[in-house]
Amino acid sequence: MSDSSPLPPVRLHPEAELARDALSTPLLSRAARLARWAGPDTRVDAGGGLVDEQLPAAAELLGLSGDDAAADASEAWRVAVDAGLVEVVDEEEGTVRAGEDLALLTGGSPQDVLAVWLAAVETVLADASVPDLDGLLDADGEVDLSALDWDPEAEAEFLDGVLGNLYLLTAGDASGGAPVPLPALAASVLVPGDMGEPTNDVLERVSDAMMRLDDQFRMLEPVGLVEYQPVDEALMIDADEEPAGPVDDTDVSRYGMVRLTPLGLYGMRARLLEAGFEAPAVGDLADKGADALLDGTAAFPPAAAQAETEQWLRRREALTAARELLAAARGSDAGAPLRRLRCQQALSLVGPAAEPALREVLGDAELGGLARVWLTEQGAADVPAPTEAMVYWLTIDTVAAQLAAEGNSEELRALVEGLAQQHSGFFAAVWRVGHPATADVLEAMGRLHPDKKVAKEARKAAFKARSQQGG
């Protein structure tokens with residue numbers, strides 16, 4: 001991902017709801033319980049971790065049992081320390097007390113709770129980037145670093161890249177979207193976009209990455225970042241097992257399925273913003289002007305643009321909002337056609353209350369055609385007929401907006417075919433339209449129209465328009 005390109009807008013749940021989700025995550029709730037349990041007799045080692053003698057009591061407090069009980073209690077304690085729920089008072093004596101942030105979990109704002117949760121996430125992400133050291137112990141019980149092929153920075157970047165791609169895949173859905181198969185997620189980071197058939201070396205790297213990600217997502221689930229269905233244990237026991245033929249969705253799920261939770265979407269967006277990415281969220285523009293709304297939603301998918309516009313409109317009186325939108329839609333710059341398209345879509349949400357504002361711009365060269373279309377669609381009476389010049393201007397403006405919004409889509413191709421069929425003199429007349437985008441639109445029509453003869457007419461008209469514009 002490039003930090004110069006905006007990410008898709010994410011639709012977040014309300015912060016109060018997300019804060020409740022954060023408090024109920026297994027890892028943060030365990031950390032909070034340990035922070036409240038800690039007292040004058042609690043002892044920690046030089047790194048701030050609970051001493052081994054206290055881990056059984058901590059595990060018992062948390063209701064943990066089994067081989068991983070001590071490790072899980074130790075992890076919850078590390079989160080408590082790193083998130084400010086516990087403070088080390090004296091490093092030499094190893095004494096602790098409740099941290100200032102512990103009170104935020106019960107008396108703070110939703111933003112306070114989420115800030116504590118984000119600190120917990122960072123601790124878990126750091127731990128997830130550390131390889132399993134159990135198999136690297138020498139005869140003395142020490143870690144044999146010479147056997148460890150591990151680049152901490154590269155490992156952290158890989159996990160960040162995977163989570164970033166997961167965010168890209170699910171940003172448009174507040175629920176986190178459909179689960180993503182682990183092989184597809186690993187391949188999205190490791191397989192070059194221009195590679196046709198992955199090589200055996202690349203496939204082996206994807207397979208190795210899947211096993212690493214399986215461990216990492218198991219660690220990230222208790223902090224609430226993801227929902228994860230692990231890799232089928234049978235596949236890991238028999239590493240040589242290969243599907244005999246094409247696999248259905250049920251088979252794919254055996255290789256692991258992951259999705260961001262609503263809380264995970266919030267957390268990933270916060271991390272991306274911190275890293276310098278432009279990561280918009282629906283609702284960011286609700287308190288800004290109409291110009292910011294129309295420009296800001298220009299690149300949004302339709303559903304996100306509508307949701308953003310609905311929030312913006314809810315804060316304004318209908319007629320005032322309509323006038324602001326129309327004023328912001330004016331302009332001859334390259335982004336103006338798409339602004340006018342977004343304006344028209346926004347006005348359709350306002351409804352009949354916007355009619356006086358539309359009648360006020362019937363004589364406007366840039367907005368008059370849009371106003372007539374809107375009034376006609378609303379069933380308004382006494383809508384003046386447009387001039388031929390206005391019809392052509394609006395046609396160019398509409399195609400320019402669609403080009404900016406969708407590129408060379410099938411819908412635009414159908415629109416171009418329909419326009420050329422309306423009458424035989426279309427291209428002979430339209431090149432004279434004094435719209436800044438006339439030549440660009442005619443060139444696009446020449447590319448898109450399937451009929452070679454019509455496409456040639458469009459290109460000739462584009463040349464005339466370009467000559468007329470002096471370029």
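Predicted model: local features only at pLDDT ≥ 70, side-chain atom pairs only at ≥ 80, totals over all residues.
Residues are numbered from 1 along each chain as its sequence is written, and side-chain values use heavy atoms, with hydrogens and water left out. Helices (H or I, at least four residues) and strands (E, at least two) are DSSP runs, numbered from the N terminus.

**Strands and sheet**

- Strand 1 (residues 86-90) and strand 2 (residues 95-98) pair in the antiparallel sense over four bridges; pairing requires that DSSP finds at least two bridges between two strands.
- These two strands form a hairpin with four residues between them, and Gly 94 in the turn has a positive phi of about 70°.
- Elsewhere, three strands make an open sheet in the order 3-5-4, with antiparallel pairing.
- Strand 3 (180-181) and strand 4 (226-229) are at the edges with a single partner strand each, so one side of each has no neighbour in the sheet.
- Strand 3 runs antiparallel to strand 5 (residues 257-260), joined to it by two bridges, and Val 180 has Val 258 as its bridge partner in strand 5.
- Helix 9 (residues 200-220) packs on the sheet, where it touches strand 4 and strand 5; its direction makes about 130° with that of strand 4.

**Helix pairs**

- A note on terms: axes are lines fitted to C-alpha atoms, for helices over the stretch in contact, and angles run from 0 to 180 degrees between N-to-C directions. Contact means heavy atoms within 4.5 Å.
- Helix 1 (residues 15-24) packs against helix 12 (residues 262-274) at an angle of about 105°, with the axes 9 Å apart. That makes the two helices roughly perpendicular (65 to 115 degrees; under 35 is roughly parallel, over 145 roughly antiparallel and the rest oblique).
- Glu 15, Leu 18, Asp 21 and Ala 22 of helix 1 make this contact with Pro 262, Leu 263 and Tyr 266 of helix 12. By class, the residues are five nonpolar, no polar and two charged (Ala, Val, Leu, Ile, Met, Phe, Trp, Tyr, Cys and Pro count as nonpolar, Asp, Glu, Lys and Arg as charged, and the others, Gly among them, as polar).
- Helix 7 (residues 152-170) and helix 8 (residues 182-190) pack at about 115°, with their axes 9 Å apart, and are therefore roughly perpendicular.
- The contact has seven nonpolar, three polar and no charged residues.
- Helix 22 (residues 438-448) and helix 23 (residues 452-468) have axes that come within 7 Å and cross at roughly 165°, so they are roughly antiparallel.
- Their contact includes Leu 442 and Met 445 from helix 22 and Ala 458 and Arg 459 from helix 23. It has eight nonpolar, two polar and four charged residues.

**Aromatic pairs**

- There are three aromatic pairs, counting rings of Phe, Tyr and Trp (its six-membered ring) with centres within 6.5 Å.
- In one of them, the rings of Tyr 392 and Phe 426 have centres 5.9 Å apart and planes at 70°, so the pair is edge-to-face (over 60 degrees; under 30 is stacked and the rest tilted).
- This pair links distant parts of the chain, 34 residues apart: Tyr 392 lies in helix 19 (residues 388-406) and Phe 426 in helix 21 (residues 426-430).
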